[in-house]
Amino acid sequence: MKTFKKSFLLLAVALFFAASAVAQTKSIAQKADDLFAQKRYIEALNKYEEAYNKISSNKVEKNRCYFQMGECYRMLNNFPKAERVYKRLINQKYYTTEPKLYLYMAEMYRFENKFDEADEFYDKYLELQPDDKYAQQRKASIIYVNQLFMNRTRHVIKRLDDWSSEYNDWAPRFMGDDTSKLVFTSSRFTDGDKSHDATTGQAFSDFFYVFQDRQSNWSDEPDLWDKSKVINAEFTNDGEIWFSPDATRVYFSRCDSKEHETQSCYIYTSSKGGNSDASVPGKGKKGKDDNAAMNSEWSEPVRITLGDTIYKYLYPTLTHDELTMYFSSNLPNGYGDFDIWMTTRASIDEPFGKPINIGSTVNSAGNETFPVLRNDSTMYFSSNGLPGVGGLDIFRTEKQGRKWTTPENLGIPINSSYDEMSIIYYPGDHHYMMERGYFSSNRPFEDPHNKKTDKKGVKTIPINDDLYYFELPPLLYTIEGTIRDEKSMQLVSGAKVRIVGSDGAEFETYTNKQGFYGFDNTQIKRNVVYKMYVSKVDYFTVEGSESTCGYNTDKDIVHDFRIEPVPKQPVVLPEIRYDLAKWDLKEEFMDSLMDLYLVMVNNPNIVVELRAHTDCRPFLGLTNDTLSQRRAQSVVDYLISRGIEEERLVAKGYAERVPRTLDRNMTVRVNGVPYSFSEGTTLECDFINHITDKNRQEAAHQLNRRLEFLILRTDYVSKKLINSLASETPTVKRTEDGKIIDLVTTEVVESNYKPAIIHDEGTINATMISSAKGEISCIVNGSQMPMLIDERYAEPIAISWEEAMNFLYQRRINKEDFPDRDNAFDSEGNILDKATVIFKEMQIGQKHLRNVEVVVVKGVDYKFIINREGLSRFGVYHFDKQRGKLTFEDE
């Protein structure tokens, strides 16, 4: 009986302790659940682990606690440990209890860039939960991720090691319009402050700042932005600050951390008075005492009322006028957990109105957070619900009217398989080549100084938010090529290549001895169409075009030219027939002159002779000389009627005195029968008269009757253009493609000329380069040139060595123009420095000089320079430097 009682007592004690242990375990698990609900994940993790280790028989509860441990790891961004937990639970088929185990496992693989495995687990989850829109979007975005990897942007990113710590650092912001000062949020510990946030195990987040000195060097060590603790309050997480343009008002998020309560998060605002410059961090010296003085002026932050306090309001960003604010919130009737909302007000002194969700175009079934405005009309934000690479990706959307455009993923490398947020751009860079700014990311960074390991001795890489700098280097373009003689295929040196861009830029260069020309990346810009003009003495001008539009990578554009040499012999025009003994140009044959007309238009420096030839047979009452002269004149008259200057055309009748020598085999039909003549045949009258076949004889006469043109000169300068220099109102203007046209006739006058505009007779406008130097236009040996007036220059008239060599290449000057002849050149044919060259003609305005002595000078930046003595050679002058006018007195 005693034994029975003893056994019963022991059993009762055992049952008591077992029940007590179960109750204690439930209490620990409940405590962990409460901590998890309050987002105090580190404390929750410890409690779940304690409860897990105490549970022996209740497998369901044990697995639940283990799953919650994995959730704590995930929320703490410890993805490797979270993945380890999920894998073990999958092996135990815990997904039958908690289907999201598959979803979270897919996310873990996604963080590791294992997209095939992630896709597999999205499928498994959707088999169990087919209506989950968030999971559907995440799976669908897998295909999009492959496109992002294939189309990496050219952005260059760099982790800011000096600013980033081993804790969370995020949300960089410029201090209003001042880009030399940058404030960011950090949960790093400061000296003497060891209090920590139970949610993250890190310090309560505060604002820190860095600044640039006068040499534009950033400070190395971030400092507390608000040491007065007015804004950087104790025991609160303050973050994501926004500054008004003048940095006198701020808006920021604040989350209060209270024991046994879920964090409440609201948006606050504060303003400061007094001298704002005196309170800017980093103003003047690098001393830190100024900071506290400045922040003592900030008013006590005031919570902005946006709705029920049971919801969270975070990440404010405002328009420049501060009348519209965008923020992220879990307000009801949204599209996901956190959406982007907006609120407006009529003035800064009035409260904000009721928040409005900005719509499903931007907001998804996931989270949309960290909105940032750029130029009021472009919004950047982070989302894990829109198609992206990993967790939170940064997107861009444009406001058009009242709607926002479909968000665009910023791509890789800005985004990664981890979280990216809070991007800012340097203002003014929106349409600038060098796009640059800052953002935050928690992508893994392996710190060589990190010695932390897990329980198995494996080194752990902390996943914290860090600060990054990014820039998009400008695309670089060049245009280059070679120029060859169309007939000989030899490379042509000294050919001028001029480009005129659709952006108004204009450059010119000359081919070197190897026939090569080039325009570098300082001259060639993105999204510009370039017209190209190639010219050289004794060659026809040719045109071309290139474009840098549509290129998304650096591009070296190659454009080779072949230029046609001006023929030394007459060129026969297409057949033009006249009535017997007539010289009137028939309308049906005017098209035969179109090629010649285009040659004249495209080569405005040439002068041609129109040559008419008759056959050997005389006409009664009209000599062949008279007939041929009148026929040549009819062509000249036609070209003049089309706008070609009369001075460029010479009519000459040769009658039958210049018989044709065939330069190729030719066939002519008479009465439908072909008659052929061999190359080299000269159709002299005796030769034709000895032909017995009358039809063949007529064919020979037809070949002799012809119109030709012969280029006489290639250095013509339009008299209309020269006369325009003396007119009160210019009669010519430059077109978009760089040509000069007559304002009355619209005729192309000159392709390569920039006229100096003269408003009063004898007065020339000068573009002032400095207070004492100005640039005018002159004509030298038939070429228009810029000339610098520098009255104190050493030489009366000087030409740069490079330009003198160009004249030499173009054969506008030669050895005979140098008084020293051979002694003016070195062994390689280069002109010697200080050599003297005689230019046959030089004109400034209406002042002409002949046989002008000019000194060749190396190392000058201007093609021609003239001093006081040089100007005096043209006449008595006055140079008004204030008005930029050069005046010559009447003689």
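First, my cut-offs for burial: buried means under 20% relative accessible area, exposed over 50%, and partly exposed in between, with a 1.4 Å probe and protein chains only. This is a predicted model, so I keep in mind that local features need pLDDT of at least 70 and side-chain atom pairs count only at pLDDT 80 or more, while totals for chains, interfaces and linings use all residues. Residues are numbered from 1 along each chain as its sequence is written, and side-chain values use heavy atoms, with hydrogens and water left out. Helices (H or I, at least four residues) and strands (E, at least two) are DSSP runs, numbered from the N terminus.

**Strand S21**

I checked S21 for burial: six of its seven residues are buried, so I noted the strand as mostly covered. For pairing I need at least two DSSP bridges between two strands. S20 and S21 are antiparallel, with seven bridges between them. In that pairing Glu 435 faces Leu 472 of S21. Strand S1 (residues 156–159) also runs antiparallel to S21, joined by four bridges. There I found Val 156 opposite Glu 471.

**Asn 442**

Where does Asn 442 lie? I found Asn 442 in the loop between strand S20 (435–441) and strand S21 (466–472). Its relative accessibility is 0%, so I log Asn 442 as buried. I count a contact when heavy atoms are within 4.5 Å. Leaving out residues up to four places away in sequence, Asn 442 touches Asn 77, Tyr 418, Asp 419, Ile 463, Asn 464 and Asp 465. The Asn 442 side chain also reaches the backbone nitrogen of Asp 419 at 2.7 Å.

**Helix H6**

I tested the length of H6 (residues 115–128) next. The expected span is 1.5 Å times one less than the number of residues. For the 14 residues of H6 that should give 20 Å, and the end C-alpha atoms are 20 Å apart, which agrees. Which residues of H6 are buried? I get Phe 115, Ala 118, Phe 121, Tyr 122, Tyr 125 and Leu 126.

**Salt bridges**

My criterion is a side-chain nitrogen of Lys or Arg within 4 Å of a carboxyl oxygen of Asp or Glu. How many salt bridges does the structure hold? I get 43.

I looked at Lys 47 and Glu 50, whose closest N and O atoms are 3.8 Å apart. Both lie in helix H2 (residues 41–54), three residues apart, about one turn of the helix. Lys 47 is partly exposed at 28%, and Glu 50 is partly exposed at 33%.

Asp 538 pairs with Lys 568, the closest N and O atoms being 4.0 Å apart. Asp 538 lies in the loop between S26 (529–535) and S27 (542–547) and Lys 568 in the loop between S29 (561–563) and S30 (571–572), so the pair ties together parts that are 30 residues apart in sequence. Lys 568 is exposed, at 62%.

Asp 615 and Arg 617 come to 3.0 Å between their closest N and O atoms. Asp 615 is buried at 3%, whereas Arg 617 is partly exposed at 36%.

Last entry: I found Glu 609, Arg 611, Arg 706 and Glu 708 linked in a salt-bridge network.

Conventions:
Polar contact = N/O pair within 3.5 Å; in protein donor to acceptor, adjacent residues only side chain to side chain.
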